[in-house]
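Thanks for coming. I will go through some helix packing and then the nonpolar cores.

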Amino acid sequence: MNRPATNADATHEAIAALNRRLVEEVVKPLGLNANLEVAEIFQSLTASLVQDTDRWLDIQNRFYRKQLELWASIALPHHDAPAQPAAAPDISDRRFRAPEWRKEPYFEYLAQSYLLAAQWLQEVVDSTKLEPHTKKKFDFFARQFIDAMSPANFPWSNPEALKLAAETEGESLARGMRNLAADLNQGMVSMTDESAFEVGHNLAVTPGAVIYENDFMQLIQYRSATATVFERPLVMVPPCINKYYILDLRPENSFVRFAVEQGHTVFMVSWRNMPQEMGRATWDDYLEHGVIRALTVATEVCGVERVNALGFCVGGTLLGSALAVLRAKEADPVASLTLLASMLDFSDTGELSVFVDEPYVRKREEDFAAGGLLHGRELALTFASLRANDLIWHYVVNNYLKGRTPEPFDLLYWNGDSTNLPGAMYVYYVRNMYLENNLRVPGKLTQCGVPVDLGRLDMPAYVIATREDHIVPWKTAYASARLLKGKIESVLAASGHIAGVINPASKNRRNYWLNPALEEDPERWLAAATSHQGSWWTHWANWLAQSGGAQISARGEPGGARYREIEPAPGRYVKEKCG
């Protein structure tokens with residue numbers, strides 16, 4: 001006789017269904033990235049192990065011995081004294097903080113066995129004698145696999161998820177399935193409650209107007225917030241791989257608002273989220289119709305010969321290139337240059353270098369030979385994979401296994417608001433910057449019809465790096481500063497690529513380091529640097545004031561006499577979503 005179905009049966013079925021979906025839709029693409037040429041890596045690994053079999057056997061024997069000791073400690077526990085764990089998670093590892101991972105034998109065994117296996121695989125990677133780039137790839141792939149296979153990531157083996165499923169009679173898993181289905185439709189794991197934010201409503205709300213637009217960008221001029229302003233305006237060039245409003249989030253952490261309140265007339269480039277028909281647009285197009293056009297319009301609106309300019313991330317690379325083009329044409333429209341976490345020298349691109357080698361670049365050049373778009377989701381997943389436990393698996397567990405909605409967080413909302421790039425522009429960038437590092441070599445690149453030389457940029461420059469940056473390593477940003485020939489103010493901020501830059505002065509958080517001597521060795525520079533409490537924003541504002549020119553009455557309506565207001569800020573371009 002068939003017994004009647006129970007709530008427990010339904011819960012188990014929901015667990016099984018969610019587990020299948022996770023493996024099929026989440027684990028497989030994230031854990032086995034085809035671009036890493038896994039087969040070739042393992043062929044190289046095998047050859048390396050054959051050369052040092054004694055070392056390999058030693059690693060294997062120690063791993064087996066520790067696994068047997070773990071099994072014995074779980075199967076035959078010593079009650080007189082608590083046993084030392086066979087493997088303990090890092091203090092910053094949030095995955096195994098629930099008490100069940102330490103007090104319940106089944107989950108204790110799962111966690112420690114997994115951590116032992118992770119240590120074993122990492123030791124194998126570290127001991128291999130591979131060509132440096134191949135080893136870096138293997139290390140990255142191994143960490144992706146390690147992160148993906150954590151028992152915390154699956155409903156069968158996560159005690160918190162199982163407990164919640166039992167308490168809710170499976171409803172938490174049903175919600176998780178719905179969350180997973182919604183995320184699969186958008187192609188990304190949700191990191192924040194997107195319903196809590198709206199661009200132009202509670203993000204990007206600094207008052208201003210779009211005064212110019214073309215197929216590449218809209219140019220926003222912000223309204224003055226002070227009775228007098230500096231004569232020279234400030235033109236901001238944000239990254240084109242994300243939306244500009246990272247610099248204008250909520251009023252309390254808006255860098256744009258801060259600059260306006262310091263008395264600067266601020267212009268912002270709002271890059272277009274490229275449609276399919278713009279897939280042939282080039283790097284030179286971004287320079288000519290984006291950066292250079294923005295600088296020209298700002299000078300015309302404000303009636304000045306020179307402006308101050310700021311670039312963030314790849315926006316800084318575009319800005320440096322554009323200024324080198326202008327200098328080659330004997331133009332000098334910029335009085336000072338600010339670079340925020342930007343690379344001009346690509347000698348060390350950190351973990352991103354695992355993705356960029358000759359086969360990868362050649363393949364992408366073939367992909368985009370006839371045009372086409374690099375979809376923003378591809379880049380977003382690439383960046384997230386660099387911090388998979390924090391930016392992928394934490395949300396897999398929270399959203400799918402526990403069926404919860406992420407907390408509202410403006411930085412993560414922006415992070416998920418990707419933009420499409422023209423394929424032609426992208427492959428030029430990855431080949432000439434990331435792969436071949438040509439921009440740093442005087443005259444190596446011809447851009448907008450002229451050879452470019454960053455060494456001709458002799459305006460004062462404020463170059464900020466962030467110490468924990470995994471996208472623009474701080475030593476690389478520091479090396480980029482040394483390519484410039486003006487007086488350099490080199491600054492190192494605490495935290496990472498975004499949090500180190502978006503650090504409001506009003507909160508007085510973190511710290512930054514200063515050292516006026518631009519040493520060749522960045523470690524020597526840091527060793528002699530002085531730490532200052534709080535945000536670098538105030539220090540930068542004092543520095544920029546020296547290049548602002550005279551104080552004049554605040555300017556009137558955006559656009560002045562030569563340009564009209566097209567629409568209120570933030571404009572249409574920033575609201576367009578990836579297709």
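**Helix pairs and cores**

Helix α5 (residues 105-127) and helix α6 (residues 132-148) cross at roughly 175°, and their axes come within 10 Å. Helices here are DSSP runs of H or I, at least four residues, numbered from the N terminus. Axes are lines fitted to C-alpha atoms over the stretch in contact, with angles from 0 to 180 degrees between N-to-C directions. So α5 is roughly antiparallel to α6, a label for angles over 145 degrees.

This is a predicted model: local features need pLDDT of at least 70, side-chain atom pairs count only at pLDDT 80 or more, and totals for chains, interfaces and linings use all residues. Residues are numbered from 1 along each chain as its sequence is written, and side-chain values use heavy atoms, with hydrogens and water left out.

In contact terms (heavy atoms within 4.5 Å), the α5 residues include Tyr114, Ala118 and Leu121, and those in α6 include Phe138, Ala142 and Ile146.

Next pair. Helix α12 (residues 358-367) packs against helix α16 (residues 423-435) at an angle of about 160°, with axes 9 Å apart. That makes α12 roughly antiparallel to α16. Tyr360 and Val361 are among the α12 residues that meet α16, where Val427 and Val430 are among the partners.

Now the cores: sets of buried (under 20% relative accessible area, 1.4 Å probe, protein chains only) Ala, Val, Leu, Ile, Met, Phe, Trp, Tyr and Cys residues joined through side-chain atoms within 4.5 Å. The largest has 91 residues, and Trp271 and Leu484 are among those with the most contacts inside it. Helix α10 (residues 283-302) gives the most to this core, 11 residues. A second, separate core has 46 residues, including Val199 and Val501.

Technical notes. Buried < 20%, exposed > 50% of the residue type's maximum accessible area, 1.4 Å probe, protein only. Helix = DSSP H or I, 4+ residues; strand = E, 2+ residues; numbered from the N terminus. Parallel < 35°, antiparallel > 145°, perpendicular 65-115°, else oblique.
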